[in-house]
Amino acid sequence: ATLRSTSGEGASPPGTRRRRRGRGEAVTMATFAIGDFEELRVAAERSPRSVPAAQALLKHIRMAKMRESEMVVRHGSKLVERQAALGDEYWSVLEQVFLAALDVDERSLAQTCLQALNEQFPESTRVKRLVGISREAMGKYAEAEEIYKGMLEENPANQLVLKRQVCVLKAQNKIPAAIKCLNNYLKQFQADANAWQELADLYLSVSKYEAAAFCYEELVLANPTSHINHCRLGEIYYTLGGKHIAKARKYFAQSLELKKTNNARALHGLAACCHANTTFKDRNVRADVTAALHEYASEELAKLYSEQSPTLLPKVEAILETQRAAIEK
């Protein structure tokens, strides 16, 4: 989305004109647009002076929400002075290059982009947020916080700014305060899956596994077909141990149901849960089912490692054999 010179975001900038492209250039841009990332990257590397090639690559990265900061800076820096060639997309490219430049500590390039955006959109809340991000990158957290507080006075429901406040606290390693801030955010925006995942990571960083499990339960409800969420939840319950082992096994099994191939993480988790059942006896867990599930995980892991990492196969087989011996006792 492009920037707007008013307090809103997302509309095309006023006072700009679309450049009319020639037929040959239009075909080039269309060709780049339908290519995948690797094709676009190769095309941009092969023609380092090509504006359409760099523009198409950056657009793909932007639309796919990829984090390729070094690549964006390398190819985007040459677009910063090419406003006429980019038309309205120029402002989106500036924002993208600004964020990437901060990521790789190219302060001067970031400042150039931010200054141009600020001059074009002096009243934009989106640009104000970018100013706050620049202060965060400089370590000026108090200044960033003041900017965000001022923006929230104008619009208390600005989700992106509320999230930046969490980032400011996290950057200062104020984890309890960040957790509290993010919990307050989720009281207003319960459907934000990214926020639940961030909150889970914060809880895990301070070893609050039960709270992290609650967050992943929310993620599973939001996206029940995600094998990754089921696997992560299984890992958290496995870490809790004891009575939670049976529950962990269910989530690993569900992860494998959703993704039957190349899911080594869930297979290892399932095998580990079956082994853990030998030390924590649960009368609701049948021994024959435990043995069958471990056998299934062992066979699939052996097949997977023999195909993709044969050098590690002997070590994996040794671990699985130790687990099998404990289960069969």
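The expected span of a helix is 1.5 Å times one less than its number of residues. The exercises below apply this and related ideas to a predicted model.

**Exercise 1. Determine how the span of helix H7 relates to the expected value.**

Solution. 
Step 1. Helix H7 covers residues 107-120 and has 14 residues.
Step 2. At 1.5 Å a residue, the expected span is 20 Å.
Step 3. From its first C-alpha to its last, H7 reaches 20 Å, which is close to expectation.

**Exercise 2. Identify the buried residues of H7, and explain how they are placed around the axis.**

Solution. 
Step 1. The buried residues in H7 are Leu109, Ala110, Cys113, Leu114 and Leu117.
Step 2. These residues lie on the same side of H7 because they cover an arc of only 130 degrees around the axis.
Step 3. Ser108 and Glu119, on the other side of H7, are exposed.
Step 4. The cover over the buried residues of H7 includes helix H4 (69-76), helix H6 (89-103) and helix H8 (125-137).

**Exercise 3. Classify isoleucine 327 as buried or exposed, and list the residues that it touches.**

Solution. 
Step 1. Isoleucine 327 is located in helix H18 (residues 313-328).
Step 2. The cut-off for a buried residue is under 20% relative accessible area.
Step 3. The relative accessible area of isoleucine 327 is 17%, so this residue is buried.
Step 4. Leaving aside residues up to four places away in sequence, isoleucine 327 touches Cys274, His275, Thr278, Thr290, Ala291 and His294.
Step 5. For histidine 275, the separation from isoleucine 327 is 52 residues in sequence, while the C-alpha to C-alpha distance is 6.1 Å.

**Exercise 4. Carry out the classification for threonine 290, and describe its contacts.**

Solution. 
Step 1. Threonine 290 belongs to helix H17 (residues 287-308).
Step 2. Its relative accessibility is 5%, and therefore threonine 290 counts as buried.
Step 3. With residues up to four places away in sequence not counted, threonine 290 touches Arg249, Cys274, Asn277, Val285 and Ile327.
Step 4. Arginine 249 stands 41 residues from threonine 290 in sequence, and the two C-alpha atoms are 9.5 Å apart.

Conventions:
Residues numbered from 1 in each chain as written. Predicted model: local features only at pLDDT ≥ 70, side-chain atom pairs only at ≥ 80, totals over all residues. Heavy atoms only, no water. Helix = DSSP H or I, 4+ residues; strand = E, 2+ residues; numbered from the N terminus. Buried < 20%, exposed > 50% of the residue type's maximum accessible area, 1.4 Å probe, protein only. Arc of directions from axis to C-beta. Contact = heavy atoms within 4.5 Å.
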